[in-house]
Structures are given as structure tokens and as C-alpha cells.
Amino acid sequence: MRMLVVADLHYSLPQFDWVLDVAPDFDVVVMAGDHLDLGSIVDGRAQSIVVRKYFERLREKTRLLICSGNHDLDTKNESGEKVARWLTGPLNEGLLSDGDTFQLDETVFTICPWWDGALTRQAIGAQIAAAAAARGKYWVWIHHAPPDKSPVSWGGARSYGDAELRGWIEEFKPDMVLSGHVHQSPFVSQGSWVDRIGETWVFNAGHQYGAPPAHIIMDTVAGEALWFSAAGNQFVRLGEPLERPVAPLAGIPDWLKAADRPPVQDRA
């Protein structure tokens, strides 16, 4: 399985266009939250309409998995907690998003919402516990905020990670967690785009301006994850221990150069 991971596009249409252009090359595209931009001059409702259209077009090209981030919250639920309601309901029927668990071959994906209060936090814990019973050979979580006390949540002066997520990782031990939220983590001293908590790989591609966005490409057959950014490119081998400093990517591997992959709809 070949996967593209991005986060924090923040209504950057050139970045959405880039993802749309390369999407057919991947079995799965993960967009790990903050699709909208609270600081934009464009009204949030107008942003959500445009982004939903991108989601529709992406789903025609590949399997799309998304989660909400803090910039995506547009209303309050019955308990007064902020939620991303524009990502749910009939307008997004068939979209794999907050609260969903999805299996592709031997990999189970658990997609978590951004939590703004105790009830949503408890719902995520219950969601993870339920998914643990059928975790498959590989278990991947999509959660916008990265775990606390990790290089992938380091902002340069302190960690901006989620302590609850770190606790869930330590308890349930997923194979991989895909996050975003802390834009600068891969670009500052003591930060990184990749970490391991026990045996769990944790990723945060970071945020940069312009196209392409900072992104991660991984292939489970090749057993590698590659990070591409304006600051340079790095890679890790998923079957080996994480070593620091993370190795630079000297060249594009043969498995990524291959152009003979079947269309997405024909892939198992």
C-alpha cells in the first residue's frame, strides 16, 4: 500500500491542486486536519464549500481519509463543545472522516475528530477501544494533534502535543499515528517529522507555504517513509529502529519511480 500524508493545508488552493494532481499515484491519501483557515479573508462557509468539492474530486481518484483540526470547527454540539459539522452529514456521505474506522487489506485506519471538551475526548477513547478489537495486522490512527512530549509536537520552546493521545498510544500501541497541527516541528531544533513511542511510529509532515505542501510518502511493501519539504528530504525504514539524526534522502527510490502501477480502482 502506498500512502500520501499531508496536513494543515489551511485553504491553500495551490496545495489542494497539487494533492489532486498526484492523488492517482496513491492507494490512500490522508489529510490530517486543518483544511480551513480561520485567518483567511474568505468566509469559513465559503471555504468549506470549496474544500468539499476538492474532497469529491479526490474521492474520484483514490481513497481519501480525513480528520478535523482546530481550524475546521464550525459549530457547537448539544453539549456546547465545538465540532466540525461541515465534515459530517448528508453532504459528505461516503467520506471517511471523524469517528470512522476503515479497513483496507490488512490495515485498519481509525480516524479521530479534534476534541474540544470532555465528551468528545471520551468518545475518542471509546472509539479507539472498540477498534482495538479488530485492529488487523496494521493499525493506523489519524489524529490532527500529535502526541505530547515528542519531537513531532515540539514548537521550538515547548511541546504543543496532546497528552491524552500519548496516553492512548502507550495503552493501545498502534503501529502508526498520522498527525499535523504543530507547523514548525520538522523545521526547528529538537523537532522532527518522525518519532517512535515504544513501537509506534508517529508522523507530522509540518507546514510550508506554496505548492507542494510538506508531505510524507510511505510504502508498506517497500517498508519506507519519505519526507519531502523545502528544507530538505529525509527517510526512515519502518522495519528498523529510528536513528537520529534522521538520514537525508539522497535520491528517489526505485519503488517511487515505478510508473507501471495499475489504476486505483483496480488495486486490491
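**Notebook: a sheet, its helices and one histidine**

I began with helix H2 (residues 44-59), which lies across S2 and S3 and runs at about 145 degrees to S3. Angles run from 0 to 180 degrees between N-to-C directions, with axes fitted to C-alpha atoms, for helices over the stretch in contact. Helices (H or I, at least four residues) and strands (E, at least two) are DSSP runs, numbered from the N terminus.

This is a predicted model: local features need pLDDT of at least 70, side-chain atom pairs count only at pLDDT 80 or more, and totals for chains, interfaces and linings use all residues. Residues are numbered from 1 along each chain as its sequence is written, and side-chain values use heavy atoms, without hydrogens and water.

Next I looked up the sheet. I found 6 strands in an open sheet, ordered S3-S2-S1-S12-S13-S14, with mixed pairing. Strands S3 (63-67) and S14 (232-237) are the edges, each pairing on one side only. Two strands pair if DSSP finds at least two bridges between them. S2 (residues 28-32) pairs with S3 in the parallel sense over 5 bridges. There, Val-29 stands opposite Leu-64 in S3.

Then I turned to His-143, in the loop between S8 and H4. Is His-143 buried or exposed? I read a relative accessible area of 3%, so His-143 is buried (under 20%; exposed is over 50%, partly exposed in between, with a 1.4 Å probe and protein chains only). Its side chain reaches the backbone oxygen of Ala-145 at 2.8 Å. His-143 also touches residues beyond four places away in sequence, including Cys-67, Cys-112 and Trp-168; contact means heavy atoms within 4.5 Å.

Technical notes: Polar contact = N/O pair within 3.5 Å; in protein donor to acceptor, adjacent residues only side chain to side chain.
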